[in-house]
Amino acid sequence: MESVNIYPELTKWRTNKHGLSAITIRFDFKRARIGNQPLNQSILPSDWDPQSKRVKKSNRNHELLNLIIETTLNKHNNYFLKRKAFGLLVNKELVKKYISSGGSLESFYDYAETIIDTKLLKDGKCYSPETKRCYLDELKRMKQFSAELSFRELTVQFLEKYKIWLQNEYYKKGTTKRLDENSIWKAFKFIRMVYNESVKNDIIPEEGNPFKKFKVGAYKENTEKIKYLERNEMERIEQLLQDRACGLEDLTIRIGWRFLAMCVSGMRISDAMHLDELFFNCLVLK
């Protein structure tokens, strides 16, 4: 394969207490070694054929070991061949990422965990701890429906079946209640976000995007349940916080000022909790 060369290698220079050496899969990019991935199989150095790079017949398990080698090589080669076929970028950094991920860049779940942990928002910050927890809960729920999921398995048919499962078979944890429409909408919004990130980062091709045919729908707001604070109500809260004679606990006062700061600025609660007293009027907080 152009640029990427993948082949088995025996670590003859390192043996365990039984004199066995590990078989690894080596990745070269433009003839330079990028790294090795363990195959979790070990043999005697004398059982390795350096010419064919396979296990000799002198090893009683040579057929099984060579089959494992061939299967693993096919998996890795197919990944890079598909990228080449779709005109996707293949460089040194991608090969390193592929090795460090254990060859799991095709796994939707593994990639989703990476996105949850590392994606930067417009403000340059990662997701808040609460958002990360919610997204990880979404992953756990998906794994209840399908224990493993590759990007190529993420089709319109999969999304339709998953939606039916959420509507008719899944119960909220510890209850007998079904998910409401908005909870199902959030579930697919999360899946679409991860998919879009994978396309943006050249992990998978844009062609075949299932969300071009599968419609997530729109979030339905129940305006009757939405409660808005009027300006005079915010002023009453401010006066209450300023009035030390009211006997509010110090913690309540601190939370109150942060709540008002969130109302005025629209900042997230995770950011508001990082505000220190210098942000506020110190005379008010004392």
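Strands here are DSSP runs of E, at least two residues; helices are runs of H or I, at least four residues; both are numbered from the N terminus. Two strands count as paired if DSSP finds at least two bridges between them.

A word on the source. This is a predicted model: local features need pLDDT of at least 70, side-chain atom pairs count only at pLDDT 80 or more, and totals for chains, interfaces and linings use all residues. Residues are numbered from 1 along each chain as its sequence is written, and side-chain values use heavy atoms, with hydrogens and water left out.

Now the pairings. Strand 1 and strand 2 run antiparallel, joined by 7 bridges.

How much of strand 1 is buried? 6 of its 7 residues are, so the strand is largely enclosed by the rest of the structure. Buried means under 20% relative accessible area, exposed means over 50%, and partly exposed is in between, using a 1.4 Å probe and protein chains only.

Stay in the sheet for Ile43, which lies in strand 3. Ile43 is buried, at 1% relative accessible area. Leaving aside neighbours within four places in sequence, its contacts include Leu10, Leu20, Ile23, Trp48, Val55 and Leu65. Contact means heavy atoms within 4.5 Å. For scale, Ile43 and Ser183 are 140 residues apart in sequence and 52 Å apart in space, C-alpha to C-alpha.

Axes are lines fitted to C-alpha atoms, for helices over the stretch in contact; angles run from 0 to 180 degrees between N-to-C directions.

What covers them? At the start of helix 2, a side-chain oxygen of Asn91 comes within 3.3 Å of the backbone nitrogen of Glu93. After the helix comes Gly102, with a positive phi near 75 degrees.

Next, helix packing. Helix 3 and helix 4 pack at about 175 degrees, with axes 10 Å apart. They are therefore roughly antiparallel. Angles over 145 degrees get that label; under 35 is roughly parallel, 65 to 115 roughly perpendicular, and the rest oblique. Residues meeting there include Phe108, Tyr109 and Ile116 of helix 3, and Tyr135, Leu136 and Leu139 of helix 4.

Helix 4 and helix 5 have axes that come within 11 Å and cross at roughly 100 degrees. That makes them roughly perpendicular. Contact residues include Arg141, Met142 and Phe145 on helix 4, and Phe158, Tyr162 and Trp165 on helix 5.

In the loop between helix 3 and helix 4 sits Lys119. Is Lys119 buried or exposed? Buried, with a relative accessible area of 18%. Its side chain makes polar contacts with the side chains of Tyr127, at 3.3 Å, and Glu197, at 3.5 Å. A polar contact is a pair of N or O atoms within 3.5 Å; within protein, one must be able to donate a hydrogen and the other to accept it, and residues adjacent in sequence count only if both atoms are side-chain atoms.

Most residues other than glycine have a negative phi. Arg31 has a positive one, near 70 degrees. Arg31 sits in the loop between strand 2 and strand 3 and is exposed, at 85% relative accessibility. Lys53 also has a positive phi, about 55 degrees. Lys53 is in the loop between strand 4 and strand 5, partly exposed at 30%.
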